[in-house]
Amino acid sequence: MSELALRAEKLDAEDVLAPLRSRFVLDDGVYLDGNSLGALPGHVPDRVQDVVRRQWGELRIRSWDESGWWTAPERIGDRIAPLIGAGPGQIVVGDSTSVNVFKALVAAVRMAGEDRTEILVDATTFPTDGYIAESAARMTGRTLRALSPEEVPAALGDRTAAVLLNHVDYRTGRLHDLPSLTAAVHAAGALVVWDLCHSAGALPVGLDEHGVDLAVGCTYKYLNGGPGSPAYLYVRRDLQPRFDSPLPGWNSHAEPFGMSPSYAPAPGAVRGRVGTPDILSMLALEAALEVWDEAAVSVEAVRAKSLALTDFFLDCVAAYTVPGRVESVTPAAHGERGSQVALRCDDAGEVMKRLIGQGVVGDFRPPDILRFGFTPLYVSFTDVHRAARVLGEVLAE
Ligand SMILES: *Cc1c(COP(=O)(O)O)cnc(C)c1O
C-alpha cells in the first residue's frame, strides 16, 4: 500500500465524524458534489412518507396546527441558527436563496436611508445574486457597483447604502473575511448582506458575534436538505423592527388570519415570510438537520475535518499528477479556504466527464474549473485518496 493510502486509513481511523457517514445514502463511488446537492440522510424518506401519508393524507387541514406546519419556518430557522452562530428568533426558512437575496438587499437599502445612494456587490458572485442586486438597485433608485470583496473597504463611503457579499466564492472556494469586512461596512455606516450558500454547514460563521446585519443561504448544499429545499433569511434582532420587506405577504402579517386589506408586519423573524411555505420540502429539510444532533457533530469539528480533507486532497493531487497539469485556484491558507478545491485545467469539461464515468463525482464550471466539494459529514479520507488517484490517471490519459 502506498504511503498516502496508509495515511488515508490512519486519518479515517482518527476521524471523530466517521460514524456519521453511515447516516447517509451513498454508493460505491466518491461523492464530491455536496456543495451543489448534499447527499440524502437515510432516515429522511420515511419522514417524508409520514408527512405525505399521515399528516397530509389523514390529518389534512388539521396538520397546519397539529403537525406544526404553520410554525415550521421559524422552528427550522432556530434549528439552523446554531450552525451559523445565531441566537434564536432571527431566522426564517422559506423561498429560494434568490428570493431571499432580494428581500434582504432591498430591506437593507431601505434601512440605510435616502441619502445613501450606492449598493456594492461582490463581482465574483453567483450570477443570481448579481442579477437581483441589479434589479434591487433599479427598483430602489440606487446605483450599483460591482467589485471584488478585497476592494470593498476602499470603496466604502457615506454614500454606501448596502453591500452584498459571498462568504465563500462558489467557483474558487475562497473564504472571505466576514468579521473584518462586516466591521468595515459598519464603520462606513452601511449595512451588509452575507450570502452563506457555500459556508453554512461547512465552517463557523458567527453571525451574532460579528454583528452581521442580514444573511441568506441555501439548505440543499452542506445542510443536505434535498433538491430545492427552502432557503433561510437572517435579520439581526435589533434590526427586525425596521425590516421593511419588499415582498410583504399574508404570512408575514401580524394577524395573518385577520384578512385585513391593510398590511401590518408581524414582529420578529416572521416578518421575513411571504406566502404559504413549501411544507413538503421544508419538513424534509427539518428531518435532514437531525444529523447535526449527534453528539460528535459540532461546527468546529466539521471545520477541522473539512480543512484536513482539502489539505489531504491537495497533497494527493500533487503526488498523483504531473506538475503543471492542473493548478489550484483555491487559496492554500486555511483562513482563506472554504470546503472545496477548485482546480484549473484547459480540458476541465472532458476531464470531469471521465471522472464521473469512473465514479468520482465533482462538477465542471466553465470554462476551465474542476470543482470538488468536501462534505465532512460523509466524505472520508479514503474517498479523497481514491478521487485524487483516479484524477491523476484521467489527467495522464
Ligand atoms: C447555490 C447558490 C445560490 C442558489 O440560489 P437559488 O435561489 O437556490 O437557486 C445563490 N447564491 C449562491 C452564492 C449560491 O452558491
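## Helix α1 against helix α12

Helix axes here are lines fitted to C-alpha atoms over the stretch in contact, and the angles between their N-to-C directions run from 0 to 180 degrees. In this predicted model, helix α1 (residues 3-14) and helix α12 (residues 381-396) have axes that come within 7 Å and cross at roughly 155 degrees. Angles over 145 degrees count as roughly antiparallel, so α1 is roughly antiparallel to α12.

On the α1 side the contact involves Leu4, Ala5, Ala8, Leu11 and Asp12, which meet Phe381, Thr382 and His385 of α12. By class, the residues of this contact are five nonpolar, two polar and one charged.

Strand β3 (residues 118-122) is mostly covered, with five of its five residues buried. Glu118, Leu120 and Asp122 point one way from the strand, while Ile119 and Val121 point the other way. In a regular strand the side chains alternate between the two faces of the sheet.

β3 pairs with two strands described here. With strand β4 (residues 143-147) the pairing is parallel and spans five bridges, and aspartate 122 stands opposite leucine 147 of β4. Between β3 and β4 the chain passes through helix α6 (residues 127-140), giving a right-handed β-α-β crossover. Strand β5 (residues 160-166) also runs parallel to β3 and is joined to it by four bridges; in this pairing isoleucine 119 stands opposite alanine 162.

## Histidine 210

Histidine 210 lies in the loop between β6 (191-195) and β7 (214-217).

Leaving aside residues up to four places away in sequence, histidine 210 touches Leu178, Pro179, Thr182 and Val205. The C-alpha atom of histidine 210 is also separated by 7.8 Å from that of alanine 183, a residue 27 positions apart along the chain.

An open sheet of four strands has the order β9-β10-β13-β12, with antiparallel pairing. Its edge strands, β9 (327-328) and β12 (363-365), each pair on one side only. Three bridges connect β12 with strand β13 (residues 369-373) in the antiparallel sense, and aspartate 363 stands opposite arginine 371 of β13.

Helix α10 (residues 299-320) packs on this sheet and touches β9, β10 (340-344) and β13. The direction of α10 makes about 25 degrees with that of β10.

Notes. Residues are numbered from 1 along each chain as its sequence is written. This is a predicted model: local features need pLDDT of at least 70, side-chain atom pairs count only at pLDDT 80 or more; totals for chains, interfaces and linings use all residues. Side-chain values use heavy atoms; hydrogens and water are left out. Angles under 35 degrees count as roughly parallel, over 145 as roughly antiparallel, 65 to 115 as roughly perpendicular and the rest as oblique. Contact means heavy atoms within 4.5 Å. Ala, Val, Leu, Ile, Met, Phe, Trp, Tyr, Cys and Pro count as nonpolar, Asp, Glu, Lys and Arg as charged, and the others, Gly among them, as polar. Buried means under 20% relative accessible area, exposed over 50%, partly exposed in between (1.4 Å probe, protein chains only). Two strands pair if DSSP finds at least two bridges between them. A crossover is right-handed if, with the strands pointing away from the viewer, the path from the first strand over the helix to the second runs clockwise.
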